[in-house]
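Reader: I am new to this structure. Please show me how to read it, step by step.

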Amino acid sequence: MIRNVLRVELGERSYPIIIGEGLLQQAATLLQEGGIAPAARLFVITDEHVALRYLPPLEDNLKSAGYSVHAYVIPAGEQSKSLSMYEKVMTAAIEAGLDRKSVILALGGGVVGDLAGFVAATYMRGIRFVQLPTTLLAHDSSVGGKVAINHPLGKNLIGAFHQPQMVLYDTAAIATLPERERAAGFAEVLKHGLIADEGFVAWLEQHASELWDLDSELLGKAIFRGCEVKANIVSADETEQGQRALLNLGHTFGHAFEALSEYSRLNHGEAISVGMCLAAKVAERMQLASAGVYARTRELLRRYHLPTAWPHWLDPEDVLEVMKRDKKAVGGKLALVLPRAIGRVELISDVDEALILTVMKEEAGA
Ligand SMILES: NC(=O)c1ccc[n+]([C@@H]2O[C@H](COP(=O)([O-])OP(=O)(O)OC[C@H]3O[C@@H](n4cnc5c(N)ncnc54)[C@H](O)[C@@H]3O)[C@@H](O)[C@H]2O)c1
Ligand SMILES: O=C(O)C(=O)C[C@@H](O)[C@H](O)[C@H](O)COP(=O)(O)O
Ligand SMILES: [Zn+2]
């Protein structure tokens, strides 16, 4: 079996990202190789869809290697990244008798990873956790240690930086994703190209149809490059003092769309897809990016079945208000990640709010 390994380099908190098909069947061996001995009590957090297919074989594999395993299954969907779900999972963790040597396993997509990671960051002031991503989007969410839950007033507003011990990415799981979630995952893959690598974008354009059809060799390469872009940025700037903010392309718009839609009408990938288009349009209006960046960005997203049009139920003025609560804003002043070119972005802290509103109103047809 082919395994590709990357590392997030963070001194004593460094860890591997192991990518390959069928890794879940070797979870016990990989955990032991990663220093998690069977004496550690394991607590698997997963969601109802993932549990159906992937929880029983994982539990069997771990138990047969001598691990004691408890599991907690949350409802699927973004609404589970909530304070009330956090409390339920915490209660289950306490009842399962987790101690400071216990390890949480996050089996699922970004919702499970962010919630389970936040539980791990705060249970007894922090215990170890391992990411077992099962969605394409989770090539992004499982790497980098941003863990969080949402507040009705804003996305990921309650959270921490807490790095996993390791990321075990069984890419075979991607085959069972619904198409809408496949597209959402590609949004973050495309983002990694748009922020850092024009050559990768050209390659994603060239192979859009095979990648959409999940050609396993090409998909493996796309995931590897996406994880590599992310791992390099996180290794250089773990807590977003500078360049890590570039990973937020399209997110100031996208997070506002998600919050105003009560975390239900758009998924994260869809929201940031529209957000990346808006960022490109604003950048062209400011003459930061040359003409053509917006059109190429929009066409790329469309090729991966992603939405690029304004979410018709949202009011641009409301969106602007929520955008001001974004974590990059300082003193209520917006900071936006904007493209200078395909593959090159910058954090701009003095974008004219009136211009952002004008562009949003045009898109909304208001
Ligand atoms: N921490 C970070 O750095 C980071 C980065 C990007 C996104 N995120 C967060 O990730 C979340 C989105 O993650 P997501 O897109 O993975 O969503 P998700 O976790 O909700 O998963 C999407 C859907 O796919 C189902 N699913 C998962 N794996 C499956 C499989 N293998 N087969 C069939 N169905 C499967 C889930 O049950 C769910 O219904 C958002 O909350 C976003 O904010 C975090
Ligand atoms: O890891 C990061 O840094 C990112 O910005 C990755 C994003 O794709 C992700 O959605 C992240 O959760 C956004 O972080 P936030 O700090 O804007 O909540
Ligand atoms: Zn994201």
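Author: We go from the domains to the ligands, then to the helix pairs. Keep in mind that this is a predicted model.

Reader: Start with the domains. Into which domains is the protein divided?

Author: Look for the parts of the chain first. Here there are domain 1 (4-176) and domain 2 (179-364). Their centres, taken over C-alpha atoms, are 26 Å apart.

Reader: How many residues of each domain are in contact with the other?

Author: Count each side on its own. Domain 1 gives 25 residues and domain 2 gives 31. On the side of domain 1, the elements that supply two or more residues are β1 (4-8), β2 (15-20), α5 (138-141) and β8 (154-161). By class, that side of domain 1 has 12 nonpolar, nine polar and four charged residues.

Reader: Now the ligands. Which residues are closest to ligand 1?

Author: Read a ligand site as a shell of residues. For ligand 1 the shell holds 30 residues, and the closest are His49, Gly109, Gly110, Thr135 and Ser141. Two or more residues each come from α2 (48-64), α4 (110-122), α5, α6 (179-196) and α11 (268-285). The largest share is that of α4, with four residues. The shell divides into nine nonpolar, 13 polar and eight charged residues.

Reader: Which residues are around ligand 2?

Author: Take them in chain order. They are Asp140, Gly144, Lys146, Asn156, Glu188, Glu240, Arg244, Leu247, Asn248, His251 and Lys327. Six of these residues are charged, four are polar and one is nonpolar. Domain 1 and domain 2 each supply at least three residues to this shell.

Reader: On to the helices. At what angle do α6 and α9 pack?

Author: For a helix pair, take the angle and the distance between axes together. Helix α6 packs on α9 (residues 216-236) at about 55 degrees, and the axes are 9 Å apart. That angle makes α6 oblique to α9. The crossing is left-handed. On the α6 side, the contact uses Glu188, Val189, His192 and Ala196. On the α9 side are Ala222, Arg225, Gly226, Val229 and Lys230. Four residues of this contact are nonpolar, two polar and three charged. Glu188 also belongs to the shell around ligand 2.

Reader: How do the axes of α6 and α11 cross?

Author: The axes cross at roughly 40 degrees and come within 7 Å. So α6 is oblique to α11. This crossing is left-handed too. From α6 come Ala183, Ala184, Gly185, Ala187, Glu188, Lys191 and Leu194. They meet His268, Gly269, Glu270, Ile272, Ser273 and Met276 of α11. The contact has six nonpolar, four polar and three charged residues.

Reader: Is the crossing of α3 and α4 left-handed or right-handed?

Author: Begin again with the axes. Those of α3 (residues 83-95) and α4 come within 10 Å and cross at roughly 55 degrees. The two helices are therefore oblique to each other. Their crossing is right-handed. Met85, Tyr86, Val89, Met90 and Ala93 of α3 make the contact with Leu115, Phe118 and Val119 of α4.

Reader: How many residues of each class does the contact of α3 with α4 have?

Author: Sort the contact residues by class. Here eight are nonpolar, with no polar and no charged residues.

Conventions:
Residues numbered from 1 in each chain as written. Chains lettered and ligands numbered in written order. Predicted model: local features only at pLDDT ≥ 70, side-chain atom pairs only at ≥ 80, totals over all residues. Domains from an automatic or database assignment. Contact = placed C-beta atoms within 7 Å. Nonpolar A, V, L, I, M, F, W, Y, C, P; charged D, E, K, R; others polar. Near = placed C-beta within 6 Å. Axes fitted to C-alpha atoms, helices over the stretch in contact; angles between N-to-C directions. Parallel < 35°, antiparallel > 145°, perpendicular 65-115°, else oblique. Left-handed = near helix turned anticlockwise from the far one by under 90°.
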